[in-house]
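Reader: Could you take me closely through the surroundings of the ligand in this model, with the cut-offs stated as you go?

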Amino acid sequence: MLPTLKGRWLTRILLFFWIGLPVTLVFSIYIATPESPVLPLIGWNYDTLPFQILFLLLIVGLLLDPVYIHFQQYRWERDWPFAFQFFFSIVEFLIVLALVWRGALDFTRSPLDLHTPENYLLFAVHFACVFIPSFLALLGFIQIFMIRWRFKGGEWGRM
Amino acid sequence: MIKLPILLDIYQRGEGPLKRVERISLPETGDYAIGRLPENQIVLDAPEVSKHHAWLLVREDGIAIADRGSTNRTFIGDAEIDRSAWDGALPVRIAQFEIHLVAQTAAGAVKSSGTQAQATRALSGSAGTSAQPSAPRGQSIEVALNAPGAPDEIRFPRNIFSESIVSADALKAGPYFAGECTYLSVGAGLGSFVWADHLRIFGVPKKDIRAIGDDVIPYANYQRLCRNSQIPPHERLRSNSISTPDNIWGFPGYASRETWRDLKEFRFSGLKHIFQVFGEASLAQSFTPRSGDVFRSIDSEAKRIGWREMYVSGRVLGIRKTNDERYAVAYRISEEQARGGVRERVMIGKYLHIATGYPATRFTGDLQAFKARFPEEARVFNAYENHEAVYRTIEQNPRAATVVVRGRGIVASRIIQRLYEARRKNRSITIVHQMRTPVGRNEGHRYKRAQRYVYNHIENQAFNWPKACWGGEILREVERATPEERAKIYEAIGGTTTADRRDWRNIIQIGIGGGWYRPVFGDFETLELVKTDQGPKIEMRLRARGNESAAEVVADFVIDCTGLIGDIMHSPCLRDLAETYNLPRNPSVSGDKTGGIGVTPDYEISALRNGTGRAYAAGQITLGGPQPAVDSFLGLQYAALRSADHLAVLGAPNISLFGPLRSFSQWIKWCTNLAP
Ligand SMILES: Cc1cc2nc3c(=O)[nH]c(=O)nc-3n(C[C@H](O)[C@H](O)[C@H](O)COP(=O)(O)OP(=O)(O)OC[C@H]3O[C@@H](n4cnc5c(N)ncnc54)[C@H](O)[C@@H]3O)c2cc1C
């Protein structure tokens with residue numbers, strides 16, 4: 001897929017709903033609860049922190065997309081290799097981590113609770129759980145459902 | 001005015017150079033029949049020649065050639081003809097024969113006492129020799145005329161297609177009617193196949209689709225062009241992993257299939273294909289599939305969708321709108337298939353699709369003239385013709401040999417690579433690479449902010465167009481542009497080029513270092529055959545643009561890699577269609593005088609719209625339109641998808657809108673090899 005700006009945004013939103021939210025939901029119920037690593041579903045005990053991270057990732061991504069598109073203009077092929085996609089996804093995550101570090105989420109809970117090494121480890125595991133299936137979807141699984149997507153620069157819908 | 005008698009030389013192509021088999025003399029004006037059977041005046045005895053192949057029409061004011069619906073058709077030079085005047089500048093080609101008009105002033109030929117019977121016997125003798133004692137070489141046999149009168153069969157389909165709108169009822173009551181269907185494709189090559197594949201997967205049953213063409217194997221024509229231009233089955237093609245004519249989703253691509261196959265046999269090197277896709281085009285060289293793998297995958301998909309049942313063998317001669325909002329396609333089947341019955345047929349379809357591929361092979365004028373002057377010297381070839389003889393000669397004779405390669409497209413790159421391989425057997429092969437103009441490091445084409453990179457005077461990109469022509473920004477920009485803006489974009493992008501392959505770049509570097517590769521710039525002014533102590537060679541005078549002095553190049557062979565002709569006027573059937581309905585044409589792209597047939601972004605030929613009937617086109621014949629890379633697997637897939645979607649929105653029968661669920665369930669069927 002050779003992305004356009006609108007296509008980047010729409011694909012991001014698509015992956016947010018298809019993969020990001022469900023994975024985060026499962027993740028926050030089973031793993032990221034403060035009490036226990038594997039908590040029974042009873043009581044719907046879950047942590048909102050992974051959702052906040054996911055949201056931050058989405059916003060950072062949407063803001064960076066125009067920058068990527070700008071650099072794409074200097075490439076003769078006007079493409080964006082998978083390797084770039086991979087690399088910049090990790091950069092986006094590092095930016096999110098830096099933002100959290102600088103207090104972007106401090107308004108949600110006490111900083112003492114937030115800035116623990118365990119939390120940062122959880123962020124990384126959570127990111128991997130969202131990123132790997134999203135990347136595989138980009139590699140081709142989206143096409144199985146949306147055959148026009150690859151020609152439309154990542155936009156959904158009909159021609 | 002012509003001068004009688006007309007002298008013709010007939011040459012036959014075998015292995016190696018053309019051999020003259022006969023000189024014949026036509027004493028009077030009239031219609032001379034050419035064909036395989038002895039009842040013709042000019043007998044060409046080979047199975048590829050039809051029983052009644054063509055007419056040679058000699059009139060006071062000139063000579064004309066008319067094909068009689070032959071199976072393998074008649075050509076003047078490289079242009080396929082239906083009926084055309086013949087001035088003798090280029091030979092008439094029929095199967096492995098070439099008919100040359102001997103210069104009209106060379107009238108000193110000895111007239112033998114031969115009769116027509118002797119003449120035909122002389123020609124129908126064993127291949128390649130003029131065994132007839134009464135017709136020694138250089139002498140002529142006089143051919144008498146015995147079948148005057150306007151030949152009937154050359155009139156089809158003009159006899160039924162004289163109007164621009166024809167009556168469907170009349171056709172159905174007539175002798176040619178062969179059936180009707182909803183979806184009818186012309187060409188039956190890869191473009192037709194991909195279109196039919198989409199329709200089948202979108203829900204259309206086999207019985208509603210027909211594809212008329214020369215060969216039941218959809219890639220037959222493509223494979224021939226590949227083989228001649230040195231891409232055997234183990235060589236890799238020029239498209240990427242997700243250009244999959246056998247799979248409308250492009251997933252799994254050829255790279256993952258190849259990796260999977262390798263891994264199953266514990267060949268872990270197979271993983272590199274996945275890494276190639278991951279890193280291309282910046283960190284790794286682009287993945288390209290092996291041609292054999294692509295052909296096998298198409299075979300299997302053809303079986304799955306029932307291609308054989310949809311295929312109709314025939315050569316399409318004309319297309320007309322009908323008065324009941326449909327299209328009539330006139331075609332002719334081969335003698336073998338007709339088994340003595342009527343060969344002319346008409347089929348009527350509601351939705352028409354035209355994908356006839358390249359109309360002709362390009363042969364630049366100077367080379368064509370050389371070939372016509374020295375037909376027995378097999379020295380000048382188009383890269384798309386069979387030219388194995390060149391490699392055989394230079395590999396087997398340890399003598400020094402120079403080969404001129406013309407052009408800087410992808411085929412030129414491959415031919416240079418092939419010559420590099422030949423150098424393993426003969427170290428004294430040298431390559432002269434002829435290009436029009438030099439291109440400096442920073443002189444590549446510019447489009448918007450980007451510039452195409454140049455190596456060794458050759459512009460490079462990952463494939464033959466920038467990648468975003470297949471989807472993404474450039475495709476969208478071209479699609480939305482007006483025809484004038486499009487022309488500017490095409491000019492800026494600068495047509496197709498060779499692919500960026502490290503091995504190709506290295507070969508040139510090694511060649512420059514080793515002194516056996518030399519680029520030259522300019523056009524050849526003259527090509528002469530000279531005799532040297534190492535045998536005959538071609539001597540060329542090369543003049544660079546704006547340069548006073550001309551350089552001399554002496555070579556053994558010239559291989560012209562400047563391509564195939566996209567001009568639809570070279571196809572008699574398309575020409576008739578374009579003229580009858582005044583079809584709008586696209587701006588020209590890469591050298592051809594005019595572009596292809598104008599189509600909408602849905603690939604509809606709107607000028608052919610017939611009430612509720614619709615006509616679509618795909619492939620090279622739409623060049624210069626809403627998509628740059630029309631002549632590629634993925635380009636054909638995109639065109640097919642667009643037109644299938646368009647038909648679905650129109651409410652054409654049995655075509656679904658193909659939403660995510662249907663797409664997924666059909667994909668599962670593909671994976672499990674179940675019929676759609
Ligand atoms: C050497 C070469 C290599 C290429 N490599 C690649 C590649 O690696 N990847 C890629 O994506 N693209 C490649 N292409 C480009 C493109 O994919 C092929 O040219 C492809 O075959 C085009 O499909 P088509 O249907 O337009 O034409 P074709 O496959 O040639 O089919 C057209 C068919 O129509 C028939 N026909 C024509 N006129 C009539 C008539 N009047 N009546 C009946 N039948 C008729 C012809 O006989 C032919 O069988 C390559 C092209 C060439 C020449």
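Author: What follows is a description of the ligand and the residues around it. This is a predicted model, in which local features need pLDDT of at least 70 and side-chain atom pairs count only at pLDDT 80 or more, while totals for chains, interfaces and linings use all residues. Residues are numbered from 1 along each chain as its sequence is written, chains are lettered from A and ligands numbered from 1 in the order in which they are written, and side-chain values use heavy atoms, with hydrogens and water left out.

Around the ligand there are 27 residues, of which Gly191(B), Asp214(B), Arg238(B), Val316(B) and Phe633(B) come nearest; a residue counts as near if one of its heavy atoms lies within 4 Å of the molecule. Polar contacts, meaning pairs of N or O atoms within 3.5 Å, involve the backbone: a backbone N or O atom of Gly191(B) is 2.5 Å from an oxygen atom of the ligand, a polar backbone atom of Arg238(B) lies 2.6 Å from a ligand oxygen, and for Leu190(B) the corresponding distance is 3.2 Å. On its own the ligand has 980 Å² of accessible area, and the protein covers 93% of it, with areas taken from the Shrake-Rupley method and a 1.4 Å probe.

Two or more residues of the shell are given by each of helix H3 (190-202), helix H4 (220-228), strand S17 (315-322) and helix H17 (633-650) of chain B, where helices (H or I, at least four residues) and strands (E, at least two) are DSSP runs numbered from the N terminus. H4(B) gives the largest share, four residues.

Definitions and conventions: Polar contact = N/O pair within 3.5 Å; in protein donor to acceptor, adjacent residues only side chain to side chain.
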